[in-house]
Amino acid sequence: MTDETTKPMRVAAMADLHVREDNGTSYRDLFAEISKEADVLVLAGDLTDLGKPKEAELLAQDIKACSIPIIGVLGNHDYECGCAEEVMHILRGAGMKVLDGQSVEIDGVGFVGVKGFAGGFGRRMLGSFGEPAMKQFVSETMNEALRLENAMRQVRSKRSVVILHYAPVVDTIESEPLEIYPFLGSSRLAETIDRFQVSAIVHGHAHRGRFEGRTPGGQPVYNVAHHIEKPTGKPYAILEI
């Protein structure tokens, strides 16, 4: 989606790092490698395993090995301990642009990010009906879609990347158990995105999904969860925007 005068941007994207205090996994070398392969690194949620500030601090140390801009969103695991704000503060302090209903432009490409939420897909999408708890659940999905729309309206670039944690389409969660589909994402996210023209949509969360899909409007969606097989053969994908 670039014209002849626009230099393509190489975006590395991955998700579901699940940094823990006790597993000794470091992403320092991987981030250094990505810095040589891409212009921007996108992290699509579940950056920590339990949302502990200590986990965020460990990731922040590794982020410092990355010499290119890092942009991302939090995932459901990053909210587990009720310290999401502190996790964001720590990662932002290390130089990462953590988006939560905002957009940012880098070298002519707009990046928009929200976590998203569950709710199901297509005709089987949950409706706001019945018990207050169910209505509150659906309301969360709709609020995330609205925050995504508001952020996308701020983008002035011709090229843009949408960063989510939850999936906007079924295509990229195939191979996951059917019983958990409603908890892996929501079509409301894709409906919102298809009101705009975007270059790519990335998400994580579905560890056993597949790499590539399309929104109903035909826009490319990529599941960049750590364990998903990608064309690079690496934990990260490279997208030309």
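Let's start with a cysteine: Cys 83 is partly exposed, at 21% relative accessible area (buried means under 20%, exposed over 50%, and partly exposed in between, with a 1.4 Å probe and protein chains only). This is a predicted model, where local features need pLDDT of at least 70, side-chain atom pairs count only at pLDDT 80 or more, and totals for chains, interfaces and linings use all residues. Residues are numbered from 1 along each chain as its sequence is written, and side-chain values use heavy atoms, with hydrogens and water left out.

**The cysteines**

- Cys 81 counts as partly exposed too, with a relative accessibility of 38%.
- For the sulfur of Cys 83, the closest cysteine sulfur is the one in Cys 81, and at 5.7 Å that is too far for a bond.
- A disulfide is a covalent bond between the sulfur atoms of two cysteines.
- Here a disulfide is taken as a pair of cysteine sulfur atoms within 2.5 Å, and the count by this rule is zero.

**Overall build**

- The protein has five helices and eleven strands (these are DSSP runs numbered from the N terminus: helices are H or I with at least four residues, strands are E with at least two).
- With 241 residues, a compact globule would have a radius of gyration near 18 Å, and the protein's 17 Å agrees with that (the radius is taken over C-alpha atoms, and the globule rule is 2.2 Å times the number of residues to the power 0.38).
- Along the principal axes, the C-alpha atoms fill a box of roughly 50 × 50 × 30 Å.
- Of contacts between residues at least 6 apart in sequence, 73% join residues at least 24 apart (contact means heavy atoms within 4.5 Å).

**Inside and surface**

- Buried residues account for 53% of the 241 in the protein.
- The accessible surface is about 11,200 Å², and 48% of it belongs to carbon and sulfur atoms (areas come from the Shrake-Rupley method with a 1.4 Å probe; for residues, only the protein chains shown count as cover).
- On the charge side, there are 26 positive and 34 negative side chains, and the centres of the two sets lie 3 Å apart.
- In that tally Lys and Arg are positive, Asp and Glu are negative, and His and the chain ends are not counted; each charge is placed at NZ of Lys, CZ of Arg, CG of Asp or CD of Glu.

**Two loop glutamates**

- Glu 80 sits in the loop between strand S3 (70-73) and helix H3 (84-93), and it is exposed at 55% relative accessible area.
- Glu 80 and Asn 150 are 70 residues apart along the chain, with their C-alpha atoms separated by 26 Å.
- Glu 179 lies in the loop between strand S7 (159-163) and helix H5 (187-193), and its 62% relative accessibility counts as exposed.
- From Glu 179 to Ala 32 is 147 residues in sequence and 39 Å in space, C-alpha to C-alpha.

**Positive phi angles**

- Most residues other than glycine have a negative phi, and most peptide bonds are trans.
- Asp 107 is not a glycine, yet it has a positive phi of about 50°.
- You'll find Asp 107 in the loop between strand S5 (102-106) and strand S6 (109-113), exposed at 66% relative accessible area.
- Ser 175, also not a glycine, has a positive phi of about 90°.
- Ser 175 belongs to the loop between S7 and H5 and is exposed, with a relative accessible area of 61%.
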